[in-house]
Amino acid sequence: MLYPQKISAKKCNFIKRLLIVITVLISIILIIINKLTTPKIPWAALSIAGMIYIWVTAIYSINRNTNIASHVLVQIIIISILVVYIDYTLGFKRWSINIAIPILIMTANVAMLVLTIVSHKKYIKYAIYQLIIFLLSIVPIFIIINSGVQKNILNIIAVSIATLSFFVCIILCGKDMKEEIIRKFHT
Amino acid sequence: MIKDKEIEEWRRLDNSAKIFPISTGKKYSTVFRLSAVLKEEINPETLRQAVKIALNKFESFKVKMKKGFFWYYFEKNNKKPIIEKEKNYPCKYIDPKTNNQYLFKVTYFEKKINIDVFHSLTDGNSATNFFKEIIYTYIELSHPEKFNKEYRVDRKIKYNTEDSYIKNYDKKSKNNNTNRKAYILSGKKIPLGGISVIHEIINIKQLKEVCQKYNVTITQYLTAVLIYSIYEGNYKKARGKRPIKICIPVNLKKYFNSITISNFFSYITVEADMKNEKTSFEEILDLVKNEFSKKLTETEIQKTMSANVKLGNNIFIKLIPLFLKKPIVKLSYIEIRKYTTATFSNIGRIGIIGEYQKYINNFLFLIAPEQVEKIKCSACSFEDKIVFTFTSILNNTNIEKNFYEFLIKQNINVEIESNGVLDVISSKN
C-alpha cells in the first residue's frame with residue numbers, strides 16, 4: 001500500500017465556533033438587559049468592545065506567536081482604539097487622548113527599549129516594529145499642534161520617551177534597523 | 001554540496017517564486033511531491049536524522065518566508081523541520097504555522113518517504129537533488145555496516161542561489177504568441193477537498209520501442225496519449241470547442257548552464273485543435289511532434305522566459321504594495337489558468353548510485369491539481385520503469401482509464417497504483 005486509506009478530513013474548529021456562538025449570545029443578552037434596565041448608559045457597548053478586544057488579542061496571539069515586538073505594536077493600536085471608543089461612548093471627555101494614549105505610548109516605548117537592551121542580538125526581528133511604534137508615538141505631536149488637545153505634560157513626556165527610545169535603538173542597533181528596512185522594502 | 005559563498009541571512013525570491021506566495025491558497029497550493037518507495041519499513045527516527053544531515057548540506061532549504069512591503073523574501077530558519085507520518089492528501093497547501101515555518105514537509109508511510117515542496121522554494125529539478133540527499137543519507141544511516149566507506153565522495157555538486165532568470169533574460173526579446181483560451185476539463189469534483197492519485201507504472205523498454213516506431217521522444221508520446229485520452233474521455237462528451245492545451249514545464253538549467261538551486265524553469269504549451277469529429281491518435285501525435293519541434297527551441301524558450309521576467313521586472317508592478325498585489329494577482333491568475341487544459345511535467349530519470357539502488361523500489365513525482373486545471377500529470381523514471389501519475393480533483397477516472405487502456409493496446413505493460421480515492425481502474429491490476 002502506497003497511501004494511508006484513512007485521510008484526516010477537514011476538522012472544523014469546534015471550540016472556536018462554540019466560543020464565537022457564546023460571544024454573540026452574551027452580546028445579544030447584554031444589549032437586551034441594557035435596553036430594558038438602563039438605556040441611557042451604554043454599558044453593553046463597552047462590554048462588547050472589551051470582548052472584541054479579547055478576540056483580536058487571542059486570534060493574533062494564536063496566529064503570530066513568534067515576535068514580541070509585533071504584540072507590542074498590535075496592543076498599542078487596539079488598546080488605543082478601545083480607550084478612544086470608551087471615552088467617546090461616555091461623552092468624550094478626552095481622557096483617552098490626554099491620559100490613556102500617552103501612558104500607552106510610554107509603556108510601549110519603554111517595553112521596546114527594554115527589549116532592545118535585553119536582546120539586542122535579536123534586534124533585527126524587532127527593528128521594523130520599533131520604527132512603526134515610533135511613528136505612531138509621534139502622532140500626538142501633530143494632534144497637539146493641529147487640534148485643541150490640551151498641551152499636557154503626559155503627551156510631551158510620551159513623545160520624549162518615544163524619541164529617546166528610538167535614538168537609543170538607533171545608536172545600539174542602527175545597522176540592524178537599516179538592514180531590516182532594506183529587507184522589508186526591497187523591490 | 002559546496003556552496004559558492006555562505007548562505008545569506010535573507011534572500012530575494014527568484015522571478016518565478018515571487019508569484020507563488022501571492023497567488024497561492026488552500027485551493028491553489030502550488031506544491032509538488034517527490035516520493036521514494038523503499039524496500040523496507042521507514043524508521044521515523046532515522047529519517048529525522050537523515051533530514052537534519054541533508055538540510056545542513058542544502059542550507060538554501062533552511063528558510064522561512066517573510067512579508068516585505070513590496071514582495072515576500074526568504075529568511076534563515078533555525079527551527080527543526082517536522083517529520084510526520086503521512087495522514088493527508090498529497091500536495092496539499094503547506095501551512096508554515098504548523099510546519100515550523102518550513103516550506104517543505106517530509107512525511108513517511110510504511111515503506112515510502114515523501115517530500116512536499118512549495119514551488120517558491122525551488123523547482124522539481126533542485127528538489128530532486130535535495131530529496132536524493134535525504135534518501136542517500138537515510139540508507140546510509142539504516143545500513144551503517146554496508147556504507148562504512150564513502151561512496152559519494154566525488155559526487156559533490158556546486159550550487160548557488162542566484163536568480164538565473166534575471167541573469168539570462170533578453171531585454172530585447174519579443175513574445176509574439178497570440179493566446180487562445182483552452183478547453184477546461186469539466187465534471188463533478190471529489191468532495192471535501194479530496195485528491196485522487198493514480199500512478200501508471202509503465203515498462204520503459206516497451207515504451208521506448210513504441211516511441212522509436214513513431215520516431216518521437218517519450219515526453220512527446222506520453223503528451224499525445226494524454227491529449228488523446230482527454231479527447232476520448234472528456235472532450236467529446238462535453239463537445240469541447242476550444243483547443244486542448246497541455247503545459248509542459250522545461251528545465252532551463254541545461255539550456256543556460258545554470259547551477260542555481262532556486263527556480264529556473266519555463267514552459268511550452270502544446271496546442272491541439274480538434275477540428276475534425278474523429279481525430280486519430282496518429283494525427284494528434286504528429287501535431288504534438290510539430291508543436292515540440294516548433295516551440296522547444298532555445299529562441300522560443302528565451303522569448304517565453306523573457307516575457308515573464310519583463311512582467312515581473314516592470315517598475316509599476318514592483319512598486320505596488322504587497323497587500324494590493326495579492327488580490328490583483330489572484331484575480332489575474334484565475335484568468336491565466338484558463339489558457340491550459342492540463343500540465344504534464346516529466347522530470348526524467350532519477351539517477352541513483354549503484355550501491356543504493358537495491359534499497360529503492362521506485363520514485364514517484366506528483367503535482368497539485370487545482371480548481372481550473374483539475375488534472376495534473378507528472379512522470380519520472382527509475383531503473384526500468386517510468387511512473388506516469390495523475391493527480392485529480394475530478395470524481396471520475398475516464399481520462400486515467402483511457403490512458404491506461406491505450407497503452408495496454410500498444411502492448412506496453414502498465415501496472416496501476418492509487419491512493420484509493422477513486423478505485424475504478426485499480427481493479428484492472
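## Ground rules

Because this is a predicted model, local features need pLDDT of at least 70 and side-chain atom pairs count only at pLDDT 80 or more, while totals for chains, interfaces and linings use all residues. Residues are numbered from 1 along each chain as its sequence is written, and chains are lettered from A and ligands numbered from 1 in the order in which they are written.

Let's start with chain A. Its secondary structure comes to 7 helices and 0 strands, so from the N terminus on you read α-α-α-α-α-α-α (helices are DSSP runs of H or I, at least four residues; strands are runs of E, at least two; both are numbered from the N terminus). Of the 187 residues in chain A, 21% are buried (buried takes 20 or more other C-beta atoms within 10 Å of a residue's own, exposed 12 or fewer, partly exposed in between, with C-beta atoms placed from the backbone). Among the chain A contacts with a separation of 6 or more, 70% link residues 24 or more positions apart (a contact means C-beta atoms, placed from the backbone, within 7 Å).

Chain A splits into domain 1 (14-65) and domain 2 (68-187), with bounds from an automatic or database domain assignment. Their centres, taken over C-alpha atoms, are 27 Å apart. Where they meet, 8 residues of domain 1 of chain A contact 7 residues of domain 2 of chain A. The domain 1 side of that contact has 7 nonpolar, no polar and 1 charged residues (nonpolar covers Ala, Val, Leu, Ile, Met, Phe, Trp, Tyr, Cys and Pro; charged covers Asp, Glu, Lys and Arg; the others, Gly among them, are polar).

Which helix holds Y129(A)? That would be helix 5 (residues 123-137) of chain A. Y129(A) counts as buried because it has 22 C-beta neighbours inside 10 Å. Leaving out residues up to four places away in sequence, Y129(A) touches A69(A), S70(A), V72(A) and L73(A). Its C-alpha atom is 13 Å from that of A162(A), a residue 33 positions away along the chain.

L104(A) belongs to helix 4 (residues 95-118) of chain A. With 20 other C-beta atoms within 10 Å, L104(A) is buried too. Again not counting residues up to four places away in sequence, L104(A) touches I76(A), I79(A) and S80(A).

## Chain B: how its domains meet

Chain B is assigned domain 1 (2-166) and domain 2 (181-296 + 323-341 + 370-428). Their centres, over C-alpha atoms, are separated by 26 Å. The contact draws 24 residues from domain 1 of chain B and 23 residues from domain 2 of chain B.

On the domain 1 side, the elements giving two or more residues are helix 1 (19-23), helix 3 (124-142), strand 9 (158-159) and helix 4 (164-168) of chain B. Helix 1 of chain B gives the largest share of that side, 3 residues.

## The nonpolar cores

The largest nonpolar core has 97 residues, and I134(B), L226(B), I227(B) and I244(B) have the most contacts inside it (a core is a set of buried Ala, Val, Leu, Ile, Met, Phe, Trp, Tyr and Cys residues joined through C-beta atoms within 7 Å). Helix 6 (residues 218-238) of chain B supplies the largest share, 10 residues. Domain 1 and domain 2 of chain B each put in at least three residues.

Beyond neighbours within four places in sequence, I244(B) has contacts including A182(B), Y183(B), I227(B), I230(B), M274(B) and T341(B). A second, separate core has 25 residues, among them I101(A), M112(A), Y123(A) and V159(A).

## Where A meets B

How many residues does each chain bring to the contact? Chain A brings 15 residues and chain B brings 24 residues. The chain A side divides into 7 nonpolar, 5 polar and 3 charged.

## Positive phi in two loops

N100(B) has phi near 50 degrees, a positive value in a residue other than glycine. N100(B) sits in the loop between strand 6 (83-85) and strand 7 (104-109) of chain B, and counts as partly exposed with 14 C-beta neighbours inside 10 Å.

N215(B) also has a positive phi, near 55 degrees. Its loop runs between helix 5 (204-214) and helix 6 of chain B. Buried or exposed? N215(B) is exposed, because it has 9 C-beta neighbours inside 10 Å.

Notes: Contact = placed C-beta atoms within 7 Å.
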